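Hello,

Here is the structure you asked to look at. Please open it first, then read my notes below.

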Amino acid sequence: MPNVLLAARERYALPILQPLAQAYAAAGYAVHAWFDGPLAQAGESMPGPVRMLDLRGVVALKPAAVLCAMDWIPPFFGGAKVQLFHGFNTSKHSDNRGHFRIRNLFDLYCTQGPATTLPFQALSRELGHFAVVETGWSKLDPLFRDDGGAAARMRARAQGRPVAMFASTFTERVSAAPHLYDAIAAQIARGDRYWLLTLHPKCPPELFERYRALACDNASFVEPEDIVTAQRAADVLLSDTTSVVPEFAVQHKPVVTFRHRMPQNYMLDFTEADRLPEMLERAFAPTPELMRAIADYANSIHPYRDGHSSERVIKAVEDLLAGRLGTLKPKPVSAKLRALQIRNRLKYWGPAG
């Protein structure tokens, strides 16, 4: 039974890895996981049949592949290194610092749709030490398949009212959460719509406390690992410059954004908090032109609506391991320096896997 390893640091990675773990287990693989950072510090784990490993356990495992919902992975782990991405490209950073940054650690990039596949393919042709396969994103599989009624149960709390969702990034310069609190509280008090509220796990604890306190008959707070269920349950999203915006839009649903760094025609963007009621009215009664723009954008970033991106990831990894994706060039010399930096960070100087 082949071994595979899933790797993550943050809570937002769990909805990315869980569908993949289920697909790998169904395909007959032995699935393991290694957590670093906040997930490890909190003692988090993945449900069975995933087996949790510590650092030395991973080195001893020598998996066939390591699949990452994080930006880096120890090069001394065994197996092919696969980048899954922890979000869509939101243009919060320049390309050389953001979504298209090449850290010389990965052998395969599993891209989400044409908008990111084409730039990564160009980089692959230029650099030659990694392959690129468009698979769709495992996190979105539950959006497009039976979720056992989870979204319906969440939506049932609305008792027939329209459902709005609010999600905000932790990046202070673009976060809507500090600016829209009063406006959202006023909307919740009206009671004509039901609200699902969530924040990025890295948001300050005091911000979590404020938004959790808004929970009432007209609103509930959704923990980060349940965000996909909330996206499925909601009719409209209110957000900022965060990956949740494209995640929601792939369902062909309207999104309202507050001071987005790069507003696009599929969004309803605004800059002053007192305009929130107006923007919500427009979102809950979208024009045909807006819905066409949403559909066009969704197809460019994630055209897959079958709920089987995880299976495409597995196929891409198998093709890589079998040599069907071609021969990769060696990693550049700079990768060796990064490997030393990661060893120092993890305080591990033992043998490689």
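Cys203 is buried, because its relative accessible area is 5% and the cut-off for buried is under 20%. Please keep in mind that this is a predicted model. Cys216 is partly exposed, because its relative accessibility is 38% and this class lies between 20% and 50%. How many disulfides does the structure hold? It holds 0.

Next, look at the sheet with β8 to β13 in it. Which order do its strands take? Read across, the order is β10-β9-β8-β11-β12-β13. That makes 6 strands in an open sheet, and the pairing is parallel. The edges are β10, residues 219-221, and β13, residues 267-270. Each of these two edge strands pairs on one side only. On average, neighbouring strands in this sheet are turned by 20° against each other, with direction ignored.

Now zoom in on one pair in that sheet. Strand β11 covers residues 236-239, and strand β12 covers residues 255-258. They run parallel, and 3 bridges join them. Find Leu238, and you will see Val256 of β12 opposite.

Then go back to the start of the chain.

β1 has two partners to check, β2 and β4. Strand β2, residues 30-35, runs parallel to β1, and 6 bridges join the two. One example is Ala8, whose bridge partner in β2 is Phe35. Between these strands, the chain passes through helix α1, residues 14-26. This β-α-β crossover from β1 to β2 is right-handed. Strand β4, residues 65-68, also runs parallel to β1, with 4 bridges between them. There, Leu5 has Val66 of β4 as its bridge partner.

Best wishes

Methods: Residues are numbered from 1 along each chain as its sequence is written. This is a predicted model: local features need pLDDT of at least 70, side-chain atom pairs count only at pLDDT 80 or more; totals for chains, interfaces and linings use all residues. Side-chain values use heavy atoms; hydrogens and water are left out. A disulfide is a pair of cysteine sulfur atoms within 2.5 Å. Buried means under 20% relative accessible area, exposed over 50%, partly exposed in between (1.4 Å probe, protein chains only). Two strands pair if DSSP finds at least two bridges between them. Axes are lines fitted to C-alpha atoms, for helices over the stretch in contact, and angles run from 0 to 180 degrees between N-to-C directions. A crossover is right-handed if, with the strands pointing away from the viewer, the path from the first strand over the helix to the second runs clockwise.
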